[in-house]
Amino acid sequence: MLDLFTIFSKGGIVLWYFQGTYEAFGPPVNSLIKSIILQERGGDNSFNHGALTLKYKLDNEFELVFVVAYQNIIRLSYIDKFLDDIQRAFRAKYEDALRTRSYGGNFEFTSEFRTTLKDAVASSDAQKKVEMKSFEESSKSKKTINSMIMNAGDDEKKKGAGADGTPKKKKKKNKGASNKGTTNGVPAHDTTNGVSNGTMEDYQPKVTNDDGGLDEETRQQNLMKLMKKGSKPKEKKEVKKPPTKKGKQNQDWGLNGKPRDFADLDFSKSKQPVEATDPDLENERKNVGESATIQDLAEESSDGEEEEEDIRQDAAKTKKSSYGLFSMFSGLVGSKKLSKEDMGPVMAKMRDHLIAKNVAQEIAEKVCDSVAKKLEGKVMGTFDRVANVVRAGMEESLVQILTPQRRVDILRDAVEARSQGRPYSVTFCGVNGVGKSTNLAKICFWLVENKFRVLIAACDTFRSGAVEQLRTHHRRLNALHPVKGGSPNVFLFEKGYGKDSAGVAMEAIKYANDFNYDIVLIDTAGRMQDNEPLMRALTKLIKVNQPDLVLFVGEALVGNEAVDQLTKFNRALADFSESQQPRLIDGIVLTKFDTIDDKVGAAISMTYTTGQPIVFVGTGQTYSDLRNLNAKAVINTLLKA
């Protein structure tokens, strides 16, 4: 059932592996490492790669990774428990080698692996089996057809039936019984006063009359017995008097020391009266008292000596442990392992802190789960605090998130494209009002400063004033970098409004190739992520022209909306391209970064969602207000209290 299983260190050394039906061992594991482990996306321990589902478990104490892969169509309920069992078995077998990081030996684990797998499958099969009862053992077999038929008169029959279902017999009143509350002349049980008035045996008829009833004398005797047993004297209820209001009284202190209290306060032995006793008896009593006193003193002294000896032994142990050379070094190395319970309160505060710094709630929860999984089982030092360890782990994870999977170097790529005889093209996309055109002009200024000739393609044929805005930027940029003779460094390619943006971009790239422009910056219309017609137009532009770089322009003011925007942009580009390898977003330009103070969480949200780097950060209104993202500075600001 399992296609592959591997155990490797976080440094990349494969200690042991099992290969089943899947032939290509490296690609799925490498994809898991690049996409999940290195990007700190460990909130969910599963990952899909083609037809395979990969699950992994981290051992933070020994820096190990356990990975298992199986087919997507199979649902294996025992995988998580199986990973835990394999981890424990491997640690137990090679604990000494793992502690010293001796990875050069032979880590044979095949027999233990097969045994553990067999036990896991057997346990899973046993849980799936449900004990089925036979029909004879079930309660349905005891029901008859007649018992399941409901008739209209059933309710009335049940009312007249007894506890056992048999109809109640009507009792005939005795003709000779004239007293109420009697049956056949016998007084009924009266429980009015809460006392049982006797049983039927107490009132057995002794003499009967001609009609079969009791005679008058016997009836009167039974009534007298009933009155004696049933009558109970009524208890008089005590009437509580309302409390009277007392006036102010003097406080009476217990030991005032008044002269009349001297006798009560005198506890001396002389106060006790001396009884006249026999002298011999008095001497014997005195000897017994002295021996008892000596014995008590001996016991107290022995107890004191034992306590002093215990104190001396404890002091010796403390002194030995305090001044031992080995204990001095062992005190610097802790032995406490972090658990989820230890990190729970700290992680909850950290999550709230990230959300307050504008990190999307979903992303904050995933990052905290990833850090908790990464730190679980890690050995803490003696002087380490849980909060400090969690903060250090969070800082390391955030740096890893902001570090790009691939390096985006526009200058290097543009030089390479120029050597190939073609222009380097960049497409800008994003929602309305985030500053696409303004930041396009900033990047154009930066490229001209680096001696590149730039062509701007006005492909926003939807919004009124978009072309005029680019004309203003074009005029100002050429004024800042004038050229004596020849073509200018910045050229604006426009076709007006209402045209197909994909066609305009294609013509612009062709024009740049003909007139030796190095870079083409393609401006597109702002669109909401739910606007399907405009998203289809953007997908068509990217698919037809295949730009070298697709940049998403987003503002740093957004919180949870950043996740929604990037997710739906990528989904639309993938769905509407009708290609097996669609072009998605390659990088991010984060605008209005100077307006958010310390609320820098949008950088984490956007990078975590796409896995792509933040290429530029807009920090002002002028052309020079463009910066590269400093990951450590952003994280220090993010984690600052």
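Predicted model: local features only at pLDDT ≥ 70, side-chain atom pairs only at ≥ 80, totals over all residues.
The secondary structure of the protein comprises 21 helices and 17 strands. Of its 641 residues, 37% are classed as buried. Among contacts with a sequence separation of 6 or more, 70% are made by residues 24 or more positions apart. The accessible surface amounts to about 40,700 Å², and carbon and sulfur atoms contribute 52% of that area.

Eight strands form an open sheet with mixed pairing, in the order β12-β11-β13-β10-β14-β15-β16-β17. Its edges are β12 (490–493) and β17 (626–627), each of which pairs on one side only. Within this sheet, β11 (residues 454–458) and β13 (residues 519–523) run parallel and are joined by five bridges. One of the residue pairings links A457 to I522 of β13 as bridge partners. Pairing of this kind rests on backbone hydrogen bonds, which may be arranged in parallel or antiparallel fashion. Helix α16 (residues 466–480) lies across β11, β12 and β13, and its direction makes an angle of about 165 degrees with β12.

The buried residues of α2 are I79, F82, L83, D85, I86, Q87, F90 and R91. In an α-helix there are 3.6 residues a turn, so positions three or four places apart point the same way. Helix α20 (residues 601–610) is mostly covered, with nine of its ten residues buried. These buried residues are G601, A602, A603, I604, S605, M606, T607, Y608 and T610. Just after α20, G611 adopts a positive phi of about 75 degrees.

Positive phi values also occur at residues other than glycine. E63 has a phi of about 60 degrees and is located in the loop between β4 (52–59) and β5 (64–71). With a relative accessible area of 32%, E63 is partly exposed, because this value falls between the 20% and 50% limits. R101, with phi near 55 degrees, likewise has a positive value without being a glycine. The loop that holds R101 lies between α3 (95–99) and α4 (110–128). R101 has a relative accessibility of 37% and therefore counts as partly exposed.

The structure contains zero disulfides.

Towards the end of the chain, K632 belongs to helix α21 (residues 631–639). K632 is exposed, since its relative accessible area of 59% is over the 50% limit. K632 and T403 are separated by 229 residues in sequence, while their C-alpha atoms are 9.9 Å apart in space.

Conventions. Residues numbered from 1 in each chain as written. Heavy atoms only, no water. Buried < 20%, exposed > 50% of the residue type's maximum accessible area, 1.4 Å probe, protein only. Helix = DSSP H or I, 4+ residues; strand = E, 2+ residues; numbered from the N terminus. Contact = heavy atoms within 4.5 Å. Areas by Shrake-Rupley, 256 points an atom, 1.4 Å probe, with all protein chains shown as cover. Pairing = 2+ DSSP bridges. Axes fitted to C-alpha atoms, helices over the stretch in contact; angles between N-to-C directions. Disulfide = S-S within 2.5 Å.
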